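Reader: I would like a close look at one part of this model, the charged and aromatic side chains. Please take me through their pairings one by one.

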Amino acid sequence: MLSRLEEKDKLYIYSIIEKEFNVKNYQDNVYTNWYIYKDNDEIIGFINYDVIYDKSEIEYIYVFNNYRKMGIATKLLSKMIDDLNEKNIHNITLEVKSSNKEAINFYKKNKFSAVAIREKYYGNEDAILMMRSW
């Protein structure tokens, strides 16, 4: 089931971001939007993205390993796009590690294009800046 993130679940999601993405003391901001995907009341995936004026940026999209390849990330992304369409926003950007081939292929499959390289964005690793406009 797909829904907005509830306040009671934020600390749990923050801990996943800190662990899986090696981020210290994660907190969202006033521009952050969230959708989560649950299976039997258990969070198994989420997307968070910022909307600033007429632009949006995916911060994190994550699905637990046991639930990957089931279309959950695509459903989360589609819900985000529906939300953006309601706000008349037609642009998404994101950075992805250049070594994360699975994520890069996911984004390409979902009509994102590589537009730039951000050297050493992730410490010693480059990021690919990807964008989708419609």
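Author: What follows goes through the salt bridges, then the ring pairs, then the charges over rings.

This is a predicted model, in which local features need pLDDT of at least 70, side-chain atom pairs count only at pLDDT 80 or more, and totals for chains, interfaces and linings use all residues. Residues are numbered from 1 along each chain as its sequence is written, and side-chain values use heavy atoms, with hydrogens and water left out.

Salt bridges come first. Side chains of opposite charge can pair when their charged atoms come close. The rule here asks for a side-chain nitrogen of Lys or Arg within 4 Å of a carboxyl oxygen of Asp or Glu. That rule gives 9 salt bridges.

Take Asp9 and Lys38. Their side chains form a salt bridge at 3.8 Å, N to O. Asp9 lies in the loop between β1 (2-4) and α1, and Lys38 in strand β2 (residues 32-39), so the pair ties together parts that are 29 residues apart in sequence. Helices (H or I, at least four residues) and strands (E, at least two) are DSSP runs, numbered from the N terminus. Asp9 is buried at 12% relative accessibility. Lys38 is buried too, at 14%. Buried means under 20% relative accessible area, exposed over 50%, and partly exposed in between (1.4 Å probe, protein chains only).

Next, Lys87 and Asp83. Their closest N and O atoms are 3.2 Å apart, in a salt bridge. Lys87 is partly exposed at 38%, while Asp83 is buried at 5%. Both belong to a network of salt bridges that links Arg4, Asp83 and Lys87.

Arg118 and Glu95 also meet in a salt bridge, at 2.2 Å, N to O. Arg118 sits in strand β6 (residues 113-122) and Glu95 in strand β5 (residues 91-97), so this pair ties together parts 23 residues apart in sequence. Arg118 is partly exposed, with a relative accessible area of 32%. Glu95 is buried at 14%.

Now the rings. Rings of Phe, Tyr and Trp (its six-membered ring) pair if their centres lie within 6.5 Å; planes under 30 degrees apart count as stacked, over 60 as edge-to-face and the rest as tilted. The structure holds 13 aromatic pairs. In one of them, Tyr14 and Tyr26 have ring centres 5.2 Å apart and planes at 70°, so the pair is edge-to-face. Tyr14 is in helix α1 and Tyr26 in the loop between α1 and β2, 12 residues apart. Both Tyr14 and Tyr26 are buried. Tyr14 also pairs with Trp34: the centres are 6.3 Å apart and the planes at 40°, so this pair is tilted. Tyr14 lies in helix α1 and Trp34 in strand β2, so the pair ties together parts 20 residues apart in sequence. Relative accessibility is 11% for Tyr14 and 5% for Trp34. Ring pairs join Tyr14, Tyr26 and Trp34 with Phe21, Phe46, Tyr60, Tyr62 and Phe64 in a cluster.

Trp34 also touches Lys10, as do Leu5 and Asp28, not counting residues up to four places away in sequence. Contact means heavy atoms within 4.5 Å. Lys10 lies in helix α1 (residues 10-20) and is buried at 17%.

Last, charges over rings. The test is NZ of Lys or CZ of Arg within 6 Å of the ring centre and within 35 degrees of the ring normal. Lys97 lies over the face of Tyr122, 5.6 Å from the ring centre. The charged end of Arg132 sits over the ring of Trp134, 5.4 Å from its centre.
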